[in-house]
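Here is a friendly set of notes to read with the structure open beside you. Take the points one at a time, and find each residue on screen before moving on.

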Amino acid sequence: MAETREIVIPGEVLCDAKEKKPSYGTFIEDGKIISKFLGIPRDSAGYLSVVPLSGVYLPRGNDKIIGFITGVEKAGWMVDINAPWSAFLPLSEAVDEFIDFKKTDISRFYDVNDVIYAQVSDVKRGDVVLSMRNPMARKLKDGVTIKITPSKVPRLIGKEGSMINAIKEKTGTIIRVGQNGVVWISGEKTDKAIKAIKLIEKKSHIIGLTDEITELLSD
Amino acid sequence: MGMKTDEKLIMNGKRLDGRKKDEIREIEMKVGVIPNANGSAQVRFGDTVAIAGVYGPRPLFPKHLQESDRAIIKCRYNMAPFSVEERVRPGPSRRAIEISKVTRLALEPALFLEDYPETVVDVYIEILQADGSTRVTGINAASLALADAGVPMKDLVVALSGGKINDTLVLDLCGKEDNYSDADIPIAFMPRKKEITLLQMDGELTPQEIKTIIKNVLKAGEEVYKKQKEALMKKYEE
């Protein structure tokens, strides 16, 4: 049996509020820090947080995400970003040249069902604005997308990209991982890469996963 | 409730199924039974089986249903046509609509809905097999499914029914006891602070009896809570 990390459940008392400071995934009640999620508690420099093991993506500024265009508006695009809210990509944040939109149909830049790699530039409550003003931002062509639990994205990438680079190297694929849990894969052995990614998602809480993945890929 | 029978429901301190008066039925809980849903759970109390699926938080349309400062819960309790001996007519009945509403009210206080404004959390509860106390079984399943879906929660919600049969106060009524009981009380509560979120009563009891039943349910609920905790942990054990 592989070693697992400590797991807490919602409503579980983690520690006294005087000892540590509450961070993401926790709240204070009656002078105690309590977990909000089913997740793994983490202590960094006196701040106690709980990383949820499941859940939807919560957009935050400067996140790099993969989105699907769902609608072309007058001066921008509506984008599905796998979150509780849909996002808006304004024309000014997407195209550099001057556009007279009385004469131009902006669907020639991005059209419905296109996949884009973009950055979240602003979040106000449920109002999410995207931007393509990032050197990495672009339209993703000829690939497949799969969805994983957003909280497991850091695990998929690994320490300084060790895990994702191993998968890329062994399968000869190009992979883009959005922080919203959408993964875009293009290349020859796509099926093998998908299998590895699904395994990481399933066993993300097990210590020593990198070795297991390397073994799976070297078969 | 309400029906009369000559059958003795309690004989020599033992109930119909051989339980003691404050003994609850065998409990089985399983998390993650519906891969398509964000969170799901199946709960069995004796012969009562409920399955719950949670979707969301996700965008809510039409827009006039949205709340600008918080998410809303949509809850649906439904009995499968084959869940009882005589077929249940499919579709929402007066009873199902009422239980859907009280289930929603029982779950709402445990959630941080203000984290997801303008969205909806859909909770679907399906009763696969009914043998009394279906609403509390449904609430237990929904509570686990919500935790599994990663919806931020103040605490889990634990539910258990109490009642009175043949002038004896009992816990966790089964179908037959439910039909011929003097009174039954489904209770849901948040175990950390023992806050009650659902309290209904059908029948007649004295104030003192109600107090005793609440006390017994809160005590026996600890065991249900332990089972919930185990079920959540088990999903991530391997």
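1. Let us begin with strand β4 of chain B, where both faces are covered. On one side sit G39(B), A41(B), V43(B) and F45(B), on the other S40(B), Q42(B) and R44(B), and all of them are buried. Please keep in mind throughout that this is a predicted model. The strand spans residues 39–45 of chain B, and seven of its seven residues are buried, so β4(B) is largely enclosed by the rest of the structure.

2. Which strands pair with β4(B)? One partner is β3(B), residues 27–31, which runs antiparallel to β4(B) over five bridges; here V31(B) stands opposite A41(B). Another is β5(B), residues 48–59, also antiparallel, with seven bridges. In that pairing, F45(B) faces T48(B). β4(B) and β5(B) make a hairpin with two residues between them, and G46(B) in the turn has a positive phi of about 60°. As background, strands of a sheet pair through backbone hydrogen bonds, either parallel or antiparallel.

3. Now step back to chain B as a whole. Its secondary structure comes to four helices and twelve strands. The radius of gyration of chain B is 18 Å, close to the 18 Å given by the globule rule for 238 residues, so the chain is as compact as a globular protein of that length. Its C-alpha atoms fill a box of roughly 55 × 40 × 35 Å along the principal axes. Of the 238 residues, 46% count as buried. Among contacts between residues at least 6 apart in the sequence of chain B, 71% join residues at least 24 apart.

4. Where do the two chains meet? In the model, 20 residues of chain A are in contact with 27 residues of chain B. On the chain A side, the touching residues divide into eleven nonpolar, seven polar and two charged.

5. Chain A has an assignment of three domains: domain 1 (13–52), domain 2 (64–140) and domain 3 (144–218). The C-alpha centres of domain 1 and domain 2 of chain A lie 36 Å apart.

6. Next, look for an open sheet of three strands in chain A, with the order β2-β6-β5 and mixed pairing. Its edge strands are β2(A), residues 21–22, and β5(A), residues 39–44, each of which pairs on one side only. β2(A) runs parallel to β6(A), residues 47–52, and two bridges join them. Within β6(A), Y47(A) is the residue opposite K21(A).

7. Is L53(A) buried or exposed? This residue lies in the loop between β6 and β7 of chain A. L53(A) is buried, because 23 other C-beta atoms lie within 10 Å, and 20 or more is the cut-off. Leaving aside residues up to four places away in sequence, L53(A) touches L38(A), G39(A), I40(A), S151(A), H205(A) and, from the other chain, Y236(B). L53(A) and G39(A) are 14 residues apart along the chain, yet their C-alpha atoms are separated by 4.9 Å.

8. Strand β10(A), residues 115–124, has several partners to trace. It pairs antiparallel with β7(A), residues 64–72, over five bridges, and I66(A) stands opposite Y117(A) there. Three bridges join β10(A) to β12(A), residues 138–140, again antiparallel, with I116(A) opposite K139(A). β10(A) also pairs antiparallel with β11(A), residues 127–131, over five bridges; the bridge partner of V123(A) is V128(A). β10(A) and β11(A) form a hairpin with two residues between them, and R125(A) in the turn has a positive phi of about 50°.

9. Finally, visit helix α3(A), residues 162–171, where M163(A), I164(A), I167(A) and T171(A) are buried. Why do they count as one side of the helix? They cover an arc of only 95° around the axis, which puts them on the same side of α3(A). The face turned away from the buried side carries the exposed residues S162(A) and E169(A). The buried residues of α3(A) pack against several elements of chain A, including β14 (173–177), α4 (190–202) and α5 (209–218). After the helix comes G172(A), whose phi is positive, near 65°.

Methods. Residues numbered from 1 in each chain as written. Chains lettered and ligands numbered in written order. Predicted model: local features only at pLDDT ≥ 70, side-chain atom pairs only at ≥ 80, totals over all residues. Pairing = 2+ DSSP bridges. Buried ≥ 20, exposed ≤ 12 C-beta atoms within 10 Å, placed from the backbone. Arc of directions from axis to C-beta. Contact = placed C-beta atoms within 7 Å. Domains from an automatic or database assignment. Rg over C-alpha atoms; globule rule 2.2 N^0.38 Å. Nonpolar A, V, L, I, M, F, W, Y, C, P; charged D, E, K, R; others polar.
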